[in-house]
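Keep the 3D view open as you read.

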Amino acid sequence: MALCITEKEFEELARVEFFDLHQSADVRHLYDSRFGAGELHIFSQGSGVQMYLHQLNSTKDLEIHYSHEQGFYFCNFRLSGFSRGRWDTSTQVLSFEGGVSTFGYFVGRGVKYFPKGVSCQEVTFLIEKEVISRWLDADHPLLEEIDKNSGSSWRIFRQGRIEPLERLILEQILHLDASLPYRKIYLESKILELFAHRFSLWWRRESSVREDHLPSLLKAKEIWLASLENPPTIKDVAYRAAINEFDLKKGFKALFGVTPYEMIQQHRLELAKRLLVEEELDVQEVAKRVGYSSLSHFGKIFHERFGLLPRELKRG
């Protein structure tokens with residue numbers, strides 16, 4: 001017979017607390033032996049985004065009943081095992097299989113089933129709609145889609161295999177050295193990277209990146225980021241990354257959502273902003289450091305991105 005419990009009862013039995021998305025948390029808990037063997041890692045910077053790393057080998061069938069008045073978006077990556085889910089507004093039962101990612105919206109009540117004897121490992125990210133609205137421009141067409149699909153019912157936007165880039169990011173998260181001093185910043189950046197990729201898939205529907213091109217595209221990005229002051233040409237990077245120029249340009253845009261030039265400019269400006277705030281350098285030195293010979297051009301594009309001039313940030 002299945003063990004049927006509410007989310008609150010699960011919190012008490014598992015000795016965990018499902019934190020509010022605006023609460024900071026970085027905790028690991030071993031599950032109570034009545035569930036089986038496993039652990040749950042909860043991470044949140046209190047910014048409306050939260051990560052759950054869940055691993056459980058259940059010794060009995062388990063049903064967890066959820067109830068959430070405030071809706072949120074979720075992105076679930078089932079790495080191994082399987083479970084099922086159902087919402088009270090539908091008779092449809094969803095399967096969460098190993099190697100499958102599920103992206104959707106949840107509000108109201110639902111049930112999640114974990115079968116006895118199955119070892120499940122999953123990474124789930126929760127995010128509030130308000131956070132998405134902050135990330136995107138007010139006229140972004142994706143916001144219209146979000147408004148249409150948020151409200152009183154749940155919705156699954158996409159369920160399919162875990163994408164190559166997503167698997168790479170998940171591996172980086174799972175194998176992160178816990179002793180690193182910048183661990184929290186790194187985790188937060190990886191959560192944002194995953195959601196950016198997932199939202200781009202939602203808008204484009206399907207990724208057009210060939211799996212055999214992924215290593216070359218990632219190598220190309222590393223080459224450019226290592227040479228922001230004097231970035232190599234498309235031709236040079238294509239040769240070093242072992243990919244032809246056409247596939248590099250097309251694949252880079254599809255995978256990262258920007259052209260190589262746009263990516264280089266974004267990272268140059270972010271580095272410039274950090275140098276202006278943290279280093280004892282004047283504006284001209286910073287512009288030169290990040291590869292801009294024209295001070296007026298640097299000031300113009302800096303203002304376009306951050307809404308203020310470099311010298312204004314320096315004074316602030």
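Predicted model: local features only at pLDDT ≥ 70, side-chain atom pairs only at ≥ 80, totals over all residues.

Two residues are in contact here when they have heavy atoms within 4.5 Å of each other. Residues are numbered from 1 along each chain as its sequence is written, and side-chain values use heavy atoms, with hydrogens and water left out.

Start with helix α7, residues 234-241. Helices are DSSP runs of H or I with at least four residues, strands are E runs of at least two, and both are numbered from the N terminus. Buried means under 20% relative accessible area, exposed over 50%, and partly exposed in between (1.4 Å probe, protein chains only).

The buried residues of α7 are Val237, Ala238 and Ala241. Looking down the axis, they fall within an arc of 100° (taken from the directions from the helix axis to the C-beta atoms), so they line one face of the helix. That buried set packs against α6 and α8, while Lys235 and Tyr239 sit exposed on the face turned away. Just after α7, alanine 242 has a positive phi of about 60°.

Over in helix α8 you'll find aspartate 247. It counts as buried because its relative accessibility is 18%. Leaving out residues up to four places away in sequence, aspartate 247 touches His213, Leu217 and Phe252.

| Helix | Residues |
|---|---|
| α6 | residues 214-225 |
| α8 | residues 245-256 |

Zooming out, the chain has 12 helices and 10 strands, and 45% of its 316 residues count as buried.
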